[in-house]
Amino acid sequence: MGKMPPDLREMLTELIAIPSVSSVDPALDQGNRAVVERLAEWLEGMGFACELQPVPDAPDKANLIATLGRGDGGLVLAGHTDTVPYDDTGWASDPFTLSERDGRLYGLGTSDMKSFLGLVLEAARGLKASDMKQPLVVLATADEESGMTGAKALVDAQRRIGRHAVIGEPTNLRPVYMHKGILMESIRIRGRSGHSSDPSLGCSALEGMVRVLNDIVAWRQQLQSKNADPRFSVPVPTLNLGHIHGGDNPNRICAHCELQIDIRPLPGMDLEELRETLRQRIGRVLGEEGLALELHSLFPGLPAMETPAEATIVRAAEALTGSQAEAVAFGTEGPYLRDLGMDVVILGPGDIAQAHQPDEFLAVNRLQPTVDMLRELIHRFCLTPAVEDGA
Ligand SMILES: [Zn+2]
C-alpha cells in the first residue's frame, strides 16, 4: 500500500532514471508505466487514492489519477510522464542520470517535464484527506509527445476529475492561458509518367501541384484576413509550406508529387472544418484531368486552447507569479482538459528553450519557488476554497 516518497532530489533522480521515451517510431517508443507506478506508490504512501487508467492498444502506457479529498471542485496538477527521444551524442552526461552542474539539474525530462511531478509531490507532502475542503488531484499522463493518446483516453472516459487545472509544461514560471492548435497535412497527387518530349504521353502531377500551391497560398491569405487575435505575437493563423517532393528526372513527366503543410489555427478555428475546406479547394483546382488526389493527416492534430482570462485559476496564477497570463506558440494537453470542464493554466518551472534539446536542464533555483507556488495554489483551491470555486 505505497510508501512515503524520498526527499525531493531523490524523487527527481528516480523519475529521470526511469526511461519513458514516446515516439511514433515503435523502435524508440518505451511506454510510461514504470513512471506512473512509481508515482502511484509514493502518492499512496501520502494517502492519495490512485487509479491507473490504461491507454487503449498500448499495454505499456497508462495515465495516473491520484486524488486526495472529495468534492466537485478542486485543483488538478497535471503533467506528462513521457519524454521525447534523445540523441546520446549531444549530451555531456547520461540523460537518465540527474546531474548537477553550475546550478542546473541536467537530465532528459528535467524541464519537459517529469520534474514538475516530483515538485507537486513535494508541495503536497503532509496534506491529510480530512483537511481537504476540495480535492487535490495529481494527473500524470502518457504519450503527450507523440499521439496525446493519454489525454484522449481521459476525454473518452468523460470523467470529471476537477474544476481548475495547472499543467506544468515549461513556461519559466509565467502563466499561459492560450495557445494555437496544430495541423500537419500531406497532399499527394498522382499522375502518369511519359517522355518529356510529348506532354500528351502523360499527366504531370507537378503541374497539378503548381495549381494546388497557388490555391493554398490564396487560401492562407483569406484565412489570415478573416482571422486575427492580437494577443498572439503572430496574431494570424499560419500556414507553412514545409516539404515538397515530386518527380525523378527532367526528361520524364512527373507522376507523383507530395506536399506537406503545417497549419497553426487560432482558438475557435475547427480542425475538421479546416481539413474539409482544404479537401474541397484542392479537389476543385485539380478538376477532371486525370490526376488522383490523396490527402492524409500526418498526426491527429491538436486543437487550440483558450481559458477565459478572468477565470479564477488564471487570476490566481497571475497574482502568485506577478506576471500577466500570456499566449504561446506551443501546444499542450490543455484543450483536452478544457473538454473535461476544467479551467486550465499552463505554468511550470522549465524553459521551453531547453525542451527537446540535448543537455536539457532545470535551474536549481526554480525548485523552491515552484514548491512554494504550488503550496499556495493548494491552499487557495483545496484547503480554503471560495464558494464560487466549486462545481
Ligand atoms: Zn512537454
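In which hand does α1 pass α2? The crossing is right-handed, meaning that the near helix is turned clockwise from the far one by less than a right angle, anticlockwise being left-handed. The model is predicted, with local features requiring pLDDT of at least 70, side-chain atom pairs pLDDT 80 or more, and totals for chains, interfaces and linings using all residues. Residues are numbered from 1 along each chain as its sequence is written, and side-chain values use heavy atoms, without hydrogens and water.

**View 1. Helices α1 and α2 in contact.** The axes of α1 (residues 8-17) and α2 (residues 33-45) come within 9 Å and cross at roughly 155°. Axes are lines fitted to C-alpha atoms, over the stretch in contact for helices, with angles from 0 to 180 degrees between N-to-C directions. The crossing makes α1 roughly antiparallel to α2 (angles over 145 degrees; under 35 is roughly parallel, 65 to 115 roughly perpendicular, the rest oblique). Helices (H or I, at least four residues) and strands (E, at least two) are DSSP runs numbered from the N terminus. Met11, Glu14 and Leu15 of α1 meet Val35, Arg38, Leu39 and Trp42 of α2, contact being heavy atoms within 4.5 Å. By class, five of these residues are nonpolar, none polar and two charged. Nonpolar covers Ala, Val, Leu, Ile, Met, Phe, Trp, Tyr, Cys and Pro; charged covers Asp, Glu, Lys and Arg; the others, Gly among them, are polar.

View 2. Aspartate 112 sits in the loop between β5 (104-106) and α3 (114-124), and glutamate 169, 57 residues apart from it, in the loop between β7 (164-167) and β8 (176-179). Aspartate 112 is buried at 5% relative accessible area. Glutamate 169 is buried at 4%. Buried means under 20%, exposed over 50%, partly exposed in between (1.4 Å probe, protein chains only).

**View 3. The buried residues of α4.** In α4 (residues 149-157) they are Gly150, Ala151, Ala153, Leu154 and Val155. They pack against β1 (49-55), β2 (58-68), β6 (136-141) and α8 (334-339). Just after α4, glutamine 158 takes a positive phi of about 50°.

**View 4. Histidine 195 in its loop.** The loop runs between β9 (183-190) and α5 (205-226). Histidine 195 is partly exposed, at 44% relative accessibility.
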